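Please look over the sequence and the 3D structure shown here before reading on. The report below goes from the whole chain to two of its residues.

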Amino acid sequence: RGDGMTVEGDCDFDNITATGAVSFGGSTIKGQLVLNGATLDAGNSGRPALNLYQSTVEGGVWMQTAHISADEHRPFSATGVVSLAEATLGTIVADGATFTNPEDSALDGDGMKVEGGCDFDNMTATGAVSLRRGTVNGLLSFIGATLEYPQGHALNVDNLTAKSDVFMDRLTATGAVSFGGSTIEIGRAHV
């Protein structure tokens, strides 16, 4: 746990395996938080696999596939909610990531502010993905993503402000997708 801490540079946790909650709630990281290839498993603890609630990560959060060698690749995976709620982030890169929490939120970004873009291309989420009331200053992309939450909103971006393009080409969703009250200020939506 690193709740409430301040880090002057990067936090690099490439390829780690963590059982239980990984928490940086309320922290300030002045560089990047790098979790490429990480496996985070909160089990049945009821706690987040990754908690960045009300945190600031100036360089952004990286949760994508790690390329270990030419033939070996390890995707980021989280079992339990990944909470980015009310966080301020430089960017989010989660290309190819897997988020699993089938009975609730797999990715909670409600109220987050992202200075750059959000790359959720080719991600898989089993559980709700929610970015309600957030602000994304760069592009928001879910190209090739697979989202599954048949009992509710597979993707809920109600009241989101996106200040660039929104890409959802080849998005597959089992469950509702909602953009109610959202604003795309500069760009356009590609669905």
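Predicted model: local features only at pLDDT ≥ 70, side-chain atom pairs only at ≥ 80, totals over all residues.

## Overall fold

The protein chain has 28 strands and zero helices. Its radius of gyration is 15 Å, close to the 16 Å that the globule rule gives for 191 residues, so the chain is as compact as a globular protein of that length. The C-alpha trace spans about 35 × 35 × 30 Å along its principal axes.

Contacts in the chain can also be sorted by separation in sequence. Among those between residues at least 6 apart, 55% join residues at least 24 apart.

## Burial, surface and charge

Of the 191 residues in the protein chain, 47% count as buried. The accessible surface comes to about 8200 Å². Carbon and sulfur atoms account for 45% of that surface.

The chain carries 23 negative and 10 positive side chains. The centres of these two sets lie 6 Å apart.

## Site around S23

S23 is found in strand β4, which covers residues 22-23. Is S23 buried or exposed? Its relative accessible area is 4%, and the cut-off for buried is under 20%, so S23 counts as buried.

Which residues does S23 touch, leaving aside those up to four places away in sequence? They are R1, G2, D3 and N51. The side chain of S23 makes one with the side chain of D3, at 2.5 Å. Another, of 3.0 Å, joins the side chains of S23 and N51.

## Site around A94

A94 is found in a loop, between strands β16 (92-93) and β17 (98-108). Although A94 is in a loop, the residue is buried, with a relative accessible area of 0%.

Not counting residues up to four places away in sequence, A94 touches M63, F99, D119, F120, D121 and M123. One of these neighbours, D121, is 27 residues from A94 in sequence. In space, the C-alpha atoms of A94 and D121 are 7.1 Å apart.

## Summary of the two sites

S23 is a buried strand residue whose side chain has polar contacts with the side chains of D3 and N51. A94 is a buried loop residue that touches residues including M63, F99 and D121.

How values were computed: Residues numbered from 1 in each chain as written. Heavy atoms only, no water. Helix = DSSP H or I, 4+ residues; strand = E, 2+ residues; numbered from the N terminus. Buried < 20%, exposed > 50% of the residue type's maximum accessible area, 1.4 Å probe, protein only. Contact = heavy atoms within 4.5 Å. Polar contact = N/O pair within 3.5 Å; in protein donor to acceptor, adjacent residues only side chain to side chain. Rg over C-alpha atoms; globule rule 2.2 N^0.38 Å. Areas by Shrake-Rupley, 256 points an atom, 1.4 Å probe, with all protein chains shown as cover. Lys, Arg positive; Asp, Glu negative; His and termini not counted. Charge placed at Lys NZ, Arg CZ, Asp CG, Glu CD.
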